[in-house]
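Subject: Structure handover

Hi,

Here is the structure I said I would pass on.

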Amino acid sequence: MPITAAANRLANLWDDSKADGMTEPEKLLYRSNLLGSDKRITNYGGGNTSAKVMERDPLTGAEVEVLWVKGSGGDVGSIKMDGFSTLYMDKLRALKGVYRGVAFEDEMVGYLPHCTFNLNPRAASIDTPLHAYVPKAHVDHMHPDAIIAIAASKNSKDLTATIFGNEIGWLPWKRPGYELGLWLGQYCAENPDAKGVVLESHGLFTWDDDAKVCYETTLHIITRAMEWFEAETRGKTVFGGARHESLGAADRRAVAAALMPAIRGMISRDHRMVGHFDDQPAVLEFVNAARMPELAALGTSCPDHFLRTKIRPLVVAFDPAQPDVATTLAGLADAVAAYRDDYTAYYTRCKHANSPALRDPNAVVYLAPGVGMITFAKDKATARISGEFYVNAINVMRGASTVSEYCGLPEQEAFDIEYWLLEEAKLQRMPKPKSLAGQIAFVTGGAGGIGSATAERFLREGACVMLADIDEAALAATSTNLISRFGRDVIRTARVDVTDEAAVIAAYAETAVEFGGVDLLVSNAGIASSAPIEETTLALWNRNMDILSTGYFLVSREAFKMLRAQGLGGSVVFIASKNGLAASPNAAAYCTAKAAEIHLARCLALEGAGAGIRVNVVNPDAVLRGSKIWSGDWLKERAAAYGKDTAELEEHYRQRSLLKRSVLPEDIAEATYFFASDLSAKSTGNILNVDAGNVQSFTR
Ligand code: NAD
């Protein structure tokens, strides 16, 4: 929401009946969660909170002062008690004795573990000194858009004085670290009545000796800034006015669907990126604005913002008044290359002898006039959050450029944060990516037994999954179940009939807008039918052909188009059937359609190989558990065909198999994962039977 639209004031959520019985650390947790619950107060992962608390020393039994402060990583909105680090205040004060000056401030981080109280394993953050040396029991450090708009204005010191008088002070830009901690301590000593400070280009500090008052001060200061901006910008032209008009919502998504796989292909050479599209009003106002290119080029200001978004976005050449996606796509490669060159030049200009190596030089944020904002990152959550951060940056630019002149951070300062050795150390500590990280899977029949087991297998390996199915209720149930375990970011659903060409095309476009493209297709949507040939109606024959052959053709064709647009290769897996190889009585339509699938896969393996697109087949047999096919007529028909009771059928199939084992959806999912992943990087045109052994289906 633009900071000028402070329609709802920040609500004071403090509840005495809850807080009164809490210990000070519990109140700190309570306050942190309340603050983090409103993104106008602080952005995701941004800011930190602390309390200085008297505790009993576990070794000496003496009462000692302990700093509880949000530890490294995490988010104040969702932090739990174990997210705080705890440090002896007397030891933190003693660090002043070993400080060798600002040129050596980074080494102070190495001393923080020596100050740990009670063997708390939570690593202390770089911001710890910013809390330690403020001589107040409670300190909030927040990144509210309304305050950063002040902090990123050219005359931010004067603005701070105008808005807050003596209540809130101002400190010039200083990279967060030990020196800034000392500055804050000195500021407090010199201004004992101040309730906080605005840090230039960065954010807000507020403090008090009482937890509730500290919380209320933070709210009150941010609300004041929001109200001031609202009054000050009312009726004014923002961002130099609109130069472009937005396309309609459906057209915006259609353009994004065309752009995203192309961009993804260009920036995913080292690892596959996942995309996010945002066309909320605040974004459209900015991308359509006359001053957008100039402001975007200045770069984001708050360090939190550009660590996620890179300093500046790439502005895509697109004119919504004369929409011509083909021309935009034709110029994209040069624009992406120019961005990379620019970023590499920035690295070369600013690097120090000991700087970490150049990181991925591609843009994170792509702005398309009339369309919206696209962001790309190594996973969906990061892409979404990067977009959220750029919206924060837009809010900041909106406020600052309307009341003053917006200033990005000086290039060298930005570089020194981006390539800070301490940031690099954080990156190095990140866990190794999972085997399907960054991969996007389109799973037809994704709400069925085998489809949902496959989706789950892929999600466990870090993929994003589009569940495509005709059954809306089953889709809802499957996605609710998977979201509860893997989170909302990585799962999307599309209601699609795979025999409907337009619906299939639309479902791929949706996948492109939601995730950025596609890497893996699991063509699995299916039915089963049984009838002697004389009783096989044309309708039954066509239904099998439509879903199992034509449906597999349509989803493959659209997958191939997108895979080729990306140019990154990919993997297609057909879930066919033992019956595609082995003839079966009274199921001619099904068996023939499944055989067609297998031959289609071979043809596509041939066509795709040159583009690195692999196509393989998994043949299940008798997967009774979890399968909807086996809950309907097919179950009765098969039981009748073998002269069995339906309850005996699973045992019948087990005994019929060579290995005398039941085949489960998870077994099919495992084989599908094998073909989807690089484990089978050198296989295409293959068939893997997962049928517990059946001599009729031995391939030759
Ligand atoms: P299932 O019925 O549990 O799942 C199939 C899914 O496909 C369902 O969710 C259904 O809604 C969906 N679907 C059906 N028609 C569709 C359409 N026109 N468009 C989009 N979605 C559609 O069955 P399952 O056992 O998980 O079967 C998955 C695949 O495995 C099928 O292709 C099936 O032929 C094949 N197969 C299954 C077995 C088995 O024993 N279960 C054996 C051999 C092959």
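The largest cavity is lined by 15 residues, and D621, A622, Y653, R654 and R661 are the ones nearest its centre. A cavity here is a set of points, on a 1 Å grid over the protein atoms alone, where a 1.4 Å probe fits but cannot get out, and a lining residue has an atom within 4 Å of a point. The space inside the largest cavity is about 90 Å³, where a volume is the space filled by probe spheres set on the points, with grid points joined across faces, edges and corners. Its lining has five nonpolar, four polar and six charged residues. For those classes, Ala, Val, Leu, Ile, Met, Phe, Trp, Tyr, Cys and Pro are nonpolar, Asp, Glu, Lys and Arg are charged, and the others, Gly among them, are polar.

Before going on, a word on the source: this is a predicted model, so to speak of a local feature takes pLDDT of at least 70 and side-chain atom pairs count only at pLDDT 80 or more, while totals for chains, interfaces and linings use all residues. Residues are numbered from 1 along each chain as its sequence is written, and side-chain values use heavy atoms, with hydrogens and water left out.

Back to the cavities: there are three of 30 Å³ or more.

A pocket is an open set of points with protein on both sides within 12 Å along at least five of seven lines. The second largest pocket holds about 1000 Å³ of space. Its lining runs to 47 residues, with A525, G526, I527, A528 and I629 nearest the centre. Among the elements that give two or more residues to this lining are α20 (538-566) and α21 (588-608). By class, the lining has 22 nonpolar, 13 polar and twelve charged residues.

Now the sheet. Seven strands form an open sheet in the order β14-β13-β12-β15-β16-β17-β18, with parallel pairing. Strands are DSSP runs of E of at least two residues, helices are runs of H or I of at least four, and both are numbered from the N terminus; two strands pair if DSSP finds at least two bridges between them. β14 (491-495) and β18 (687-690) are at the edges with a single partner strand each, so one side of each has no neighbour in the sheet.

β16 (residues 570-575) is joined to β17 (residues 613-620) by six bridges, running parallel, and G570 sits opposite I613. β15 (residues 520-523) also pairs with β16 in the parallel sense, over four bridges, with L520 opposite S571. Six of the six residues of β16 are buried, so the strand is largely enclosed by the rest of the structure. Buried means under 20% relative accessible area, exposed over 50%, and partly exposed in between (1.4 Å probe, protein chains only). G570, V572 and F574 point one way from β16, and S571, V573 and I575 point the other way.

How many disulfides are there? For C115, the nearest cysteine sulfur is that of C188, 20 Å away. The sulfur of C188 is 12 Å from the closest one, in C214, which is too far for a bond. C115 is buried at 2% relative accessible area, and C188 is buried at 7%.

Cheers

How values were computed:
A disulfide is a pair of cysteine sulfur atoms within 2.5 Å.
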